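Subject: The structure we talked about

Hello,

Here is the structure I promised to pass on to you. Please open it next to this email and follow along as you read.

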Amino acid sequence: MILPWPQRLYLANYRVAVARRPVVNKPWLFLTLWQALFLAHCSLLRNNHRQIALFLAYLQTMSDYSSKQFSLQKLASQAANFYRHHKLLLRFLGGLLLWLVVLGYAAESFWELTEGLYFNNLEQFDKQITRQVINWRSKQATNFMQVLTLLGNEKGITIQVLLFGSLIFLGLKKWPPVVQLVLVVVVSSLVNIWMKEIIGRERPVEYSLMQVASKSYPSGHSQSSMALYGFLIYLALDNMRQVWLKVLLTITGLLLILSIGLSRVYLGVHYPSDVLAGFLNGFLFVGGAVVGISIFRYYKRHYRGVKKR
């Protein structure tokens, strides 16, 4: 059936409009044009109800599309304005939430490890890892491990805190990072001594190459090394500009932490679970310090901003 030219013109324009609709930036302009065209076609089509109904449905679709587009644009604009005015708060809350999740996982792992100790669920785990490490023993490796483990004892940690504290003060010209480093290491060491007395786990004697009088769980060398080098890594990432230097110091710190922990198992003075618990406990102190410093910094900036206003 061949339609008269007004109907053919109407249907052609309708199909073109429907095809172009998704990319229309200002659909209300097309609504106005199509309403005028609709009135002109009504006089020509007269009683063609089917074409009139199709065009009315199209107008309703365009109206719905326009309202949705306007609402999405308004929502996106409000979100952008909110982020622009609260950028510092959102970044602070995002970082704080991430740290709290990581610290919560570390605390849960430490609790489960300690619970496993009380229920004697760590014996098989400790024996398997200890035997594998003992197989690496040699004269040269033993001499190296005996020197390496000195970095994690009380004297070694004290000397390193004084040395790194002096370097930090000379480099940054600020005393708060030095005080923070001292507090993290000292508080971590005191809590470690207290936890050893409370838990009271005896040290291994089967493969021991050294005689140590204190208790075993958690490892003081591992916890102190994590507290010291972990906080030094944080200071390096927070204050240094060179990316390569940040990466170098981070890798060096992590290698020292793992090596000192491994030396305690190699020398037979700690179970692997002692070392793992020391790492987790030391990380909790480092993470707690980072969270506290971040909260203090945000409060300080916000307070100063309000005071200036």
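A residue is called buried when its relative accessible area is under 20%, and exposed when that area is over 50%. Keep that cut-off in mind for Thr250, a residue of helix H10. Its relative accessibility is 19%, so Thr250 counts as buried. Please also remember that this is a predicted model.

**The chain as a whole**

The protein chain has 11 helices and zero strands. Following the sequence, you will read the pattern α-α-α-α-α-α-α-α-α-α-α. Of the 309 residues in the chain, 36% are buried. Among the contacts with a separation of 6 or more, 77% are between residues 24 or more positions apart.

**Back to Thr250**

Which residues does Thr250 touch, leaving aside its neighbours within four places in sequence? They are Ile233 and Leu237. With Ile233 there is also a distance to look at: the two C-alpha atoms are 5.5 Å apart in space, while the residues are 17 apart in sequence.

**Two helices that meet H10**

Start with helix H5, residues 123-134, and helix H10, residues 243-266. They pack at an angle of about 95 degrees, and their axes are 9 Å apart. Angles from 65 to 115 degrees count as roughly perpendicular, and H5 and H10 are therefore roughly perpendicular to each other. On the H5 side you will find Thr130, Val133 and Ile134, which meet Leu262, Val265 and Tyr266 of H10. Sorted by class, this contact has five nonpolar residues, one polar residue and no charged ones.

Now look at helix H6, residues 139-148, whose axis comes within 9 Å of the axis of H10. The two cross at roughly 120 degrees, and H6 and H10 are therefore oblique to each other. The crossing is left-handed. H6 brings Ala141, Thr142, Met145 and Leu148 to the contact, and H10 brings Ser259, Ile260, Leu262, Ser263 and Tyr266. By class, the residues of the contact of H6 with H10 are six nonpolar, three polar and no charged.

**A check on helix length**

How many residues does helix H4 have, and what should they span? H4 runs over residues 87-118, which makes 32 residues, and at 1.5 Å a residue they should span 46 Å. The expected span is 1.5 Å times one less than the number of residues. In the model the end C-alpha atoms of H4 are 47 Å apart, which agrees. Buried residues in H4 include Phe92, Leu96, Leu103, Ala106 and Phe110.

H9 is mostly covered, with 17 of its 20 residues buried.

**Backbone details in the loops**

The loop between H8 and H9 holds Pro218. A cis peptide bond joins Tyr217 to Pro218, with omega at about -10 degrees.

Next, go to the loop between H4 and H5, where Asn120 sits. Asn120 has a positive phi of about 60 degrees although it is not a glycine. Is Asn120 buried or exposed? Its relative accessibility is 62%, so Asn120 counts as exposed.

Lys173 lies in the loop between helix H7 (154-172) and H8. Lys173 is not a glycine either, and it has a positive phi of about 60 degrees. With a relative accessibility of 64%, Lys173 counts as exposed.

**One last residue**

Finally, have a look at Gln180, which belongs to helix H8, residues 176-199. Its relative accessible area is 24%, so Gln180 is partly exposed. Not counting residues up to four places away in sequence, Gln180 touches Phe231 and Ile293. Gln180 and Val290 are 110 residues apart along the chain, and their C-alpha atoms are separated by 9.7 Å.

Enjoy exploring, and write back with any questions.

Best wishes

Terms used:
Residues numbered from 1 in each chain as written. Predicted model: local features only at pLDDT ≥ 70, side-chain atom pairs only at ≥ 80, totals over all residues. Heavy atoms only, no water. Axes fitted to C-alpha atoms, helices over the stretch in contact; angles between N-to-C directions. Helix = DSSP H or I, 4+ residues; strand = E, 2+ residues; numbered from the N terminus. Parallel < 35°, antiparallel > 145°, perpendicular 65-115°, else oblique. Contact = heavy atoms within 4.5 Å. Nonpolar A, V, L, I, M, F, W, Y, C, P; charged D, E, K, R; others polar. Buried < 20%, exposed > 50% of the residue type's maximum accessible area, 1.4 Å probe, protein only. Left-handed = near helix turned anticlockwise from the far one by under 90°.
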